[in-house]
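Hi everyone, thanks for coming.

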Amino acid sequence: MLIIGIFFNAGILNASTYDDDVLNIFSKMVPRFIIMSSQKDRIKNDLEICVLYDKIDEMAALSLINKISSNYPKGIQNFQIKLINSSYSELETCKNAQLAFMFNSDNKNIEKAILFLNKENILSMSYDIALLEKGADISLFIGRNVMPYINIKNITTKKIALDNILLRVSKIYVESNK
């Protein structure tokens, strides 16, 4: 009986790996990455942020979306914020976004999302810092201080320019020698 209980609750245990305080920090910073990059020039009407997740992480994704909405009720710098709630199986819904926030997923979904986001020149930001190694553009280094962690090689390949102030306060991800 215990094994069956663990099996059915495994999804709940996995979904609880997102810290609410960390999601709150991300929610305050995500729109600013668009404003502090050349992605700002791609804004047509609204600043668009796509939140990518697996079904198991839907509650965490909705929590992030609600936090961004609460932190920026009037938008940012005269731009309204449009939040796109999307599963990894519906990447096309992110096509017009300036930034996609990626929750954890299996390697296949992450690779497919990174390829799509690179092709569309969409800035990618991940909850998990380990996704920088898989090609995500930005994550957050959370230690004594919170600082952006930037995969400069990938961002340069996309021809996305970052504000010098952002670069000065960031930690630069350097690809490990495999």
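Let me start with a term: rings of Phe, Tyr and Trp (its six-membered ring) pair if their centres lie within 6.5 Å, and planes under 30 degrees apart count as stacked, over 60 as edge-to-face and the rest as tilted. With that in hand, look for Tyr18, Phe26, Phe101, Phe103 and Tyr127, which ring pairs link into a cluster.

Before going further, a word on what we are looking at. This is a predicted model, in which local features need pLDDT of at least 70, side-chain atom pairs count only at pLDDT 80 or more, and totals for chains, interfaces and linings use all residues. Residues are numbered from 1 along each chain as its sequence is written, and side-chain values use heavy atoms, with hydrogens and water left out.

How confident is the predictor? The pLDDT, its confidence in each residue from 0 to 100, averages 91 over the protein chain, and 90% of the residues score at least 70. Residues 1–16 are another matter, with a pLDDT below 50. Beyond near neighbours in sequence, that stretch has five contacts in the model, a contact being heavy atoms within 4.5 Å.

Now the overall layout. Helices (H or I, at least four residues) and strands (E, at least two) are DSSP runs, numbered from the N terminus. The protein chain has six helices and seven strands, and their order from the N terminus is α-α-β-α-β-β-α-β-β-β-α-α-β. Among contacts with a separation of 6 or more, 62% are between residues 24 or more positions apart. Of the 178 residues, 44% count as buried; buried means under 20% relative accessible area, exposed over 50%, and partly exposed in between (1.4 Å probe, protein chains only).

Which cysteines are joined by a disulfide? They are Cys50 and Cys94, with 1.8 Å from S to S; the cut-off for a disulfide is a pair of cysteine sulfur atoms within 2.5 Å. The two are 44 residues apart, with Cys50 in strand β1 (residues 47–53) and Cys94 in the loop between β2 (81–87) and β3 (99–102). Both Cys50 and Cys94 are buried, and a search of the whole structure finds one disulfide.

Back to the rings for a moment: the whole structure has eight aromatic pairs. One of them is Tyr149 with Tyr173, edge-to-face, at 6.1 Å centre to centre and 80 degrees between the planes. Tyr149 sits in strand β6 (residues 146–150), while Tyr173 lies in the segment after β7 (171–172). Tyr149 counts as buried because its relative accessibility is 14%, and Tyr173 is buried too, at 13%.

Next, please find the loop between α4 (107–119) and β4 (123–126), where Glu120 is located. Is Glu120 buried or exposed? With a relative accessible area of 16%, Glu120 is buried. Leaving aside neighbours within four places in sequence, Glu120 is in contact with Arg42 and Lys95.

Asn121 is partly exposed, at 32%. Lys159, another non-glycine residue, has a positive phi of about 60 degrees. You'll find Lys159 in the loop between α5 (152–157) and α6 (164–168), and Lys159 is exposed, at 73%.

Conventions. pLDDT is the predictor's confidence in each residue, from 0 to 100.
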